[in-house]
Amino acid sequence: MSAPLLQTIGLKKYFKTGKGTLHAVDDVNFTIEKGKTLGVVGESGCGKTTLGRSILRLTEPTEGQILFNGEDVTHVTGKKMHEFRKNAQIIFQDPSSSLNPRMSVGQLIAEPIRVMKTISGNKAIDERVFELMNIVGLDERFYVSYPHELDGGRRQRIGVARALALDPQFIVCDEPVSALDVSIQAQILNLLMDLQDTMGLTYMFITHDLSVVKHISDDIAVMYLGQCIEKAPTDELFEKPLHPYTQALLAAIPVPNLKNRSIESTIKGEISSPIDPKPGCRFATRCPFAKPECTGKELELKEVSPGHFVKCVMFQ
């Protein structure tokens with residue numbers, strides 16, 4: 001087993017609101033090994049994106065620790081923060097809104113290099129930009145084009161090139177294919193996997209699409225209302241999901257054969273409020289197997305088999 005590149009310990013991110021404290025990320029613990037991909041899945045509003053942004057410190061965590069290559073980067077500043085910024089990058093969900101429409105493709109890809117001053121001289125920077133365009137599959141003729149002149153797939157390739165510009169070790173992929181057509185999704189996913197193989201990249205892949213996460217991830221963490229409720233190797237999670245919420249998510253995956261499809265979802269009702277949640281399982285109000293002991297006290301994420309963790313009263 002390779003050493004973990006990234007580890008979170010009790011990571012929390014709370015937001016003050018007029019109605020109380022919103023627990024966007026609440027006591028999340030996991031590790032990602034070098035060269036591996038951790039998929040993070042869950043419904044909209046479960047805290048996936050906030051978790052990714054907190055790890056990169058685009059949003060400052062409320063509590064907890066972020067260890068990168070064994071070093072605590074939770075509160076680093078100055079040169080250490082500069083180094084962390086180079087090593088940890090992000091690919092945003094929607095390339096239409098994450099790219100400056102007033103900058104050309106060449107300017108957009110060169111921007112991280114110029115800001116971080118990793119290469120000096122316009123000629124050297126241009127050479128690096130053309131190299132990155134070639135790596136992500138963008139023809140050199142698009143160097144002077146603007147984002148609105150390109151389709152969604154090419155725009156997202158610009159986002160990938162920007163993330164690669166500083167030679168990072170770790171990339172948060174925040175639903176990088178959800179805004180794309182299905183055929184283009186496969187191209188971007190294959191590109192990310194090829195880059196991982198050739199460059200030894202480590203990914204945290206955030207998505208709500210379980211079919212996508214199965215294709216790219218080594219391990220999967222399932223989130224619900226700010227908490228990680230199950231984490232396991234990908235194959236094991238799909239073959240033996242333990243938490244009722246995970247089981248319901250997998251049951252909801254569309255299948256080509258309608259005869260084998262469950263007509264009625266096991267999840268009932270709306271997701272409850274993440275503002276000042278009460279102790280206990282946050283899925284209990286929607287769980288078909290809920291018991292009185294599910295509420296009243298916090299549950300721990302317990303390892304029930306090697307590498308398979310679950311937060312459920314049935315396994316405490």
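Reader: Which residues touch the most other members of the largest nonpolar core?
Author: I109, I158, V160, L164, I171 and L192 do, in a core of 37 residues. A nonpolar core is a set of buried Ala, Val, Leu, Ile, Met, Phe, Trp, Tyr and Cys residues joined through side-chain atoms within 4.5 Å. Buried means under 20% relative accessible area, exposed over 50%, and partly exposed in between (1.4 Å probe, protein chains only). This is a predicted model, where local features need pLDDT of at least 70, side-chain atom pairs count only at pLDDT 80 or more, and totals for chains, interfaces and linings use all residues. Residues are numbered from 1 along each chain as its sequence is written, and side-chain values use heavy atoms, with hydrogens and water left out.

Reader: What is I158 in contact with, leaving aside its neighbours within four places in sequence?
Author: With L99, V105, L108, I109, L138 and L150, where contact means heavy atoms within 4.5 Å.

Reader: Why is the pair E71 and K80 called a salt bridge?
Author: The term asks for a side-chain nitrogen of Lys or Arg within 4 Å of a carboxyl oxygen of Asp or Glu. The closest N and O atoms of E71 and K80 are 3.5 Å apart, so the pair qualifies.

Reader: What makes K80 exposed, and how is E71 classed?
Author: K80 has a relative accessible area of 53%, which is over the exposed cut-off. E71, at 37%, falls in between and therefore counts as partly exposed.

Reader: What does the salt bridge between E111 and R162 tie together?
Author: Those side chains meet at 2.9 Å, N to O. E111 lies in helix α4 and R162 in helix α6, so the bridge joins parts that are 51 residues apart in sequence. E111 is partly exposed, because its relative accessibility is 29%.

Reader: How do you know that R141 and D139 form a salt bridge?
Author: Their closest N and O atoms are 3.8 Å apart, so they meet the cut-off. R141 counts as exposed at 56%, whereas D139 is partly exposed at 40%.

Reader: How many salt bridges does the structure hold?
Author: It holds 11. R128, E131 and D167 are linked in a network of them.

Conventions
Helices (H or I, at least four residues) and strands (E, at least two) are DSSP runs, numbered from the N terminus.
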